[in-house]
Amino acid sequence: MSKLYTGAEIVFKCMEDQKVEFIFGYPGGAVLPIYDELKNHDSIKHILARHEQGAGHSAEGYARSCGKPGVVLVTSGPGATNVVTALTDAYMDSIPLVCISGQVPTHLIGTDAFQECDTTGITRPCTKHNWLVKDVKDLAKIIHKAFEVATTGRPGPVLVDIPKDIQFQKAKYSNFKKQKKLNGKSNNRFSQKDIDKLVEMMGKAKQPIFYTGGGVINSGPKASEQLRELISITGFPITSTLQGLGSFPGDDNQFLGMLGMHGTYEANNAMHDCDLMINIGARFDDRITGKIDEFSPKSKKVHIDIDPSSINKNVKVDLPIVGDVSEVISLLIKTVKKHKPNFLKSNKENISKWWEQIGKWRSVNSLNFINSDKTIKPQFAIQRLYELTKNKDTFITTEVGQHQMWAAQHYKFDKPNRWMTSGGLGTMGYGLPAAVGVQIAHPDKLVVDIAGEASVLMTMQEMSTAVQYNLPIKIFILNNEYMGMVRQWQELLHEKNYSESYTAALPDFVKLAEAYGCVGIRAKTPDELDSKIQEMIDVKKPVIFDCLVDKEENCFPMIPSGKPHNQMLLGPNDQKENKITGKGKTLV
Amino acid sequence: MAKSKSAYSDPGKQGKPDTHIIVVWVDNEAGVLARVVGLFSGRGYNIESLAVAEVDPKRGISRITIVTTGTPQVIEQIKLQLGKLVPVHKVADFMRGDKKIIFKEMALLKLVGNTSKRNKALKVCKKFNPVVLDKTQKSVVLQITALRREIDTVMGDLKKFGLVSVSRTGAVAMTRGSEIFK
């Protein structure tokens, strides 16, 4: 007779078979049998967070920076409810997470027992799928299925809820063999005909543009390489969403910068005026499209996405191609090379006027700002951070708000998986724990969380995690004492009524750093900025960098939402003639 | 118009809504109905009626029939979103007016009154295969099968003949002819 294992042992057997190296978690009553088993499994290291939300975001940072699923372990009740924000965040940004939660023993479910909650009920809308394990014999099958669902198709979070009695009960475990297909649901539903059609459209286009998103990153590093080849053999311009940054080099001449609400003038105008839009792995999010009825009115639209439900959800497209980005691009490149070996040269004439027009938009220099020699401008701080870190393989995470948009605008990425930001859910407090996860995956790399002082306070307790595991993350706070983006909208839309957006009684971040046992650095003036940033980079410990910036700087350019792409608001140089008035004001 | 200071854009043009019958084949496991119904409520789709029961006990497959109203874009999203759920095997979509499809709903009607009233009531129901399930000196329970609107009409007509209680199912659907939906 084969050996019997407890439920807790089976959890670890499964994780070993899935090659899990790190678990981010927090113990509690209903998961104690699993925590008890931890000591017997050397290949799996547990990272103790200080709050379950932190554990979840750390797992997200880990997953995004190394492409493997993040694993989270939490207890029942408050443990599970605390991780809901991270699960929802991962769901919105398509990050593979496997969350294992403890549950009260089976016979107590439904009795309002201590630390009981309906975990599968609460997490149903924020996971791809979840399971309540009712029989220890199903446990192994369910956990392996959970990894499969999290990592295949459009990735996302899953949750396995394991009652405490199941963790003690015994069952057989047979070693796991990886299967290829999920429930017969193949990801690729495109044919050569679709690709031929696309190549034909590309040949006819006079004003084409590639619009790429997080799907390219999720498809793996190979997809980013293929994308570079595709862009270079077509000569077309390319713009990227917030999540897609890094899949194409940010300093390449064909790159128009990020598009959307705070995207560049050239990217948004090109999106509006193009005659062929090729969307690769992006989802026509409302921060991207602005007013849907006037979104890119003249273009034929092609949408390449692994998730069929993304197609025609927000914007009607002319040619949908459902499939994995990497496989679609590779067939596309092959087809172009076969049918039009000299496409770049022969098509140059066709799109030369388009590039001329793009040059005109570019000359507006929409990311420009008025620098100062007295106060540090936040954009300047990010530019200096970029200049001083660009020669290292730097990983950047962010919180949510103005600093996030400035980071996206001014930090140029040239590799995928180097940029971790909460785009879909917009979770303040994401960046610090995410940096913890990134540093776990890449212990020797420079990891910087570009933060705002309001966001970072939401998960500040995770500094303690960073110190415990010697993770030299750098928390680069652009401190303007305001919830900057809230203040900006209040300035532009609510007659400067700064209702509750100023944080009085902020902590002294340098002292706070010292209290946590890490290093605090403060920069107050532009001329000391470089040396202070260098000091931050050189310290081999976690650092909280308190960068005191201009308190009233606004983030431009900006499309007031409800406006089409070609009605952007530019920076202070341009503002006098382009004020938001009347109806525009209602729509931001 | 009062200024709305929304962070989101105003709604754009909407298509014309139509009534569709969505049929979903799912694994008959705990919580599967909550997943399907939760998807409808979470994404703001509406459910007019719902019928669900296991149809293949051997494989553990249930068939859920949902009547819903939405613009073509919404109906398309409903189908695609349902298709993404892990326990869902296949999704079919029929227009209410589709001639190739049979739709039926069942209703139980309780009438209280004298014999003459009850006989008149039976006459009203004649077209809809009435079956007398229970009979006393004062009352009768009838079963009819018909379309939703027909049952609506019958209910109105029966009011004067002593209709005191109605219980109705959601619609179920099946294709005509030898073909089955794959």
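The radius of gyration is taken here over C-alpha atoms, and the rule for a globule is 2.2 Å times the number of residues to the power 0.38. Chain A has 588 residues, for which that rule gives a radius near 25 Å; the chain has 25 Å, so it agrees with a compact globule. The model is predicted.

**Chain A overall**

The C-alpha trace spans about 75 × 60 × 45 Å along its principal axes. Chain A holds 25 helices and 20 strands. Contacts between residues 24 or more positions apart make up 76% of those with a separation of 6 or more. The centres of the positive and negative side-chain sets in chain A lie 6 Å apart. Further values for the chain are tabulated here.

| Property of chain A | Value |
|---|---|
| Residues that count as buried | 60% of 588 residues |
| Positive side chains | 71 side chains |
| Negative side chains | 66 side chains |

**B:Arg35, a residue of chain B**

B:Arg35 sits in helix 1 of chain B, which covers residues 32-42. Is B:Arg35 buried or exposed? B:Arg35 is buried, yet it has no salt bridge. Its nearest side chain of opposite charge is B:Glu29, 4.6 Å away. A salt bridge needs a side-chain nitrogen of Lys or Arg within 4 Å of a carboxyl oxygen.

Which residues does B:Arg35 touch, leaving out those up to four places away in sequence? In chain A, they are A:Arg124, A:His129 and A:Asn130. In chain B, they are B:Leu85 and B:Pro87.

Notes:
Residues numbered from 1 in each chain as written. Chains lettered and ligands numbered in written order. Predicted model: local features only at pLDDT ≥ 70, side-chain atom pairs only at ≥ 80, totals over all residues. Heavy atoms only, no water. Helix = DSSP H or I, 4+ residues; strand = E, 2+ residues; numbered from the N terminus. Buried < 20%, exposed > 50% of the residue type's maximum accessible area, 1.4 Å probe, protein only. Contact = heavy atoms within 4.5 Å. Lys, Arg positive; Asp, Glu negative; His and termini not counted. Charge placed at Lys NZ, Arg CZ, Asp CG, Glu CD.
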